[in-house]
Amino acid sequence: MPPHHELSEFRVFGSSAVESYLGQVILLDRGSIRQTVGSYAGRRYIAVKYLDCQGLPRLFVSVHFPHSEQSDDTYREAIYELSSFLQLHIGTFTVIGGDWNTQPDELRFTELALMLTERGFQMQAPAENTWHGRLSHKTFDYFFLSRTVIEKLSPLPGPVAVATHADAATELRSDHDLV
């Protein structure tokens with residue numbers, strides 16, 4: 001990739017073999033990675049484990065969970081798949097983000113949040129809606145941070161801000177904002 005290319009500052013990991021419309025991509029700042037340890041793909045997630053500049057292990061997971069038209073059992077299968085993967089990385093500094101296709105007032109969210117909070121994860125969501133349909137807007141895109149991430153961030157004053165970028169959604173022709 002030429003040095004002037006807009007992605008040249010990132011390590012790009014992706015897969016089109018996952019069950020999502022166009023696949024999934026993770027971009028990580030090249031300056032924050034010493035070494036890639038592994039990359040993983042499930043039916044509803046992709047993940048990258050790497051060593052940061054200090055040599056500490058980090059795990060970033062991107063998800064695209066089933067839409068509301070799919071059965072609750074299909075959604076539970078996605079939760080189970082993610083749970084099984086996270087079980088292999090207990091204690092790792094982990095950030096999980098993506099399109100969860102559920103909101104806090106829904107049963108699917110309750111089941112998802114229960115699994116993740118039992119493993120020490122905390123949700124961080126933007127204040128704005130992230131999905132824009134013809135007749136409604138919802139917040140489907142947010143992060144869960146592991147206990148080790150929360151502990152690292154706890155000395156910071158104030159809450160962690162999760163920003164959205166609506167312009168990126170327009171450029172990418174997506175019904176989701178970039179979060």
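Arg108 touches Pro66, His67, Ser68, Gln70, Ser71, Asp72, Tyr75, Ile79 and Thr102, where residues up to four places away in sequence are not counted and where contact means heavy atoms within 4.5 Å. The structure is a predicted model in which local features need pLDDT of at least 70 and side-chain atom pairs count only at pLDDT 80 or more, while totals for chains, interfaces and linings use all residues. Residues are numbered from 1 along each chain as its sequence is written, and side-chain values use heavy atoms, with hydrogens and water left out.

Arg108 belongs to helix 2, helices being DSSP runs of H or I with at least four residues and strands DSSP runs of E with at least two, numbered from the N terminus. With a relative accessible area of 9%, Arg108 is buried; the term buried applies under 20% relative accessible area, exposed over 50%, and partly exposed in between, for a 1.4 Å probe and protein chains only. A polar atom of the Arg108 side chain lies 3.0 Å from the backbone oxygen of Ser71.

The loop between strand 6 (93–99) and helix 2 holds Asn101, which is buried at a relative accessible area of 5%. The phi of Asn101 is near 50°, a positive value in a residue other than glycine, whereas most residues other than glycine have a negative phi.

Asn101 is also among the residues that Phe65 touches, together with Arg44, Tyr75, Ala78, Ile79, Leu82, Asp99, Trp100 and Leu112, again without residues up to four places away in sequence. Phe65 is one of the residues with the most contacts inside the largest nonpolar core, which has 22 residues; the others named are Val61, Ile96, Trp100, Leu116 and Phe144. Such a core is a set of buried Ala, Val, Leu, Ile, Met, Phe, Trp, Tyr and Cys residues joined through side-chain atoms within 4.5 Å. Two or more residues come from each of strand 4 (45–51), strand 5 (57–64), helix 1 (72–87), helix 2 (107–118) and strand 10 (141–145), and helix 1 gives the most, with six residues. A second, separate core of eight residues includes Phe13, Ile26, Ile46 and Val48.

Glu9, in the segment before strand 1 (10–15), counts as exposed at 56% relative accessibility. Glu9 touches Leu28, Asp29 and Arg30, not counting residues up to four places away in sequence. The C-alpha atoms of Glu9 and Asp29 are separated by 6.1 Å, although these residues are 20 residues apart along the chain.

Conventions:
A polar contact is a pair of N or O atoms within 3.5 Å; within protein, one must be able to donate a hydrogen and the other to accept it, and residues adjacent in sequence count only if both atoms are side-chain atoms.
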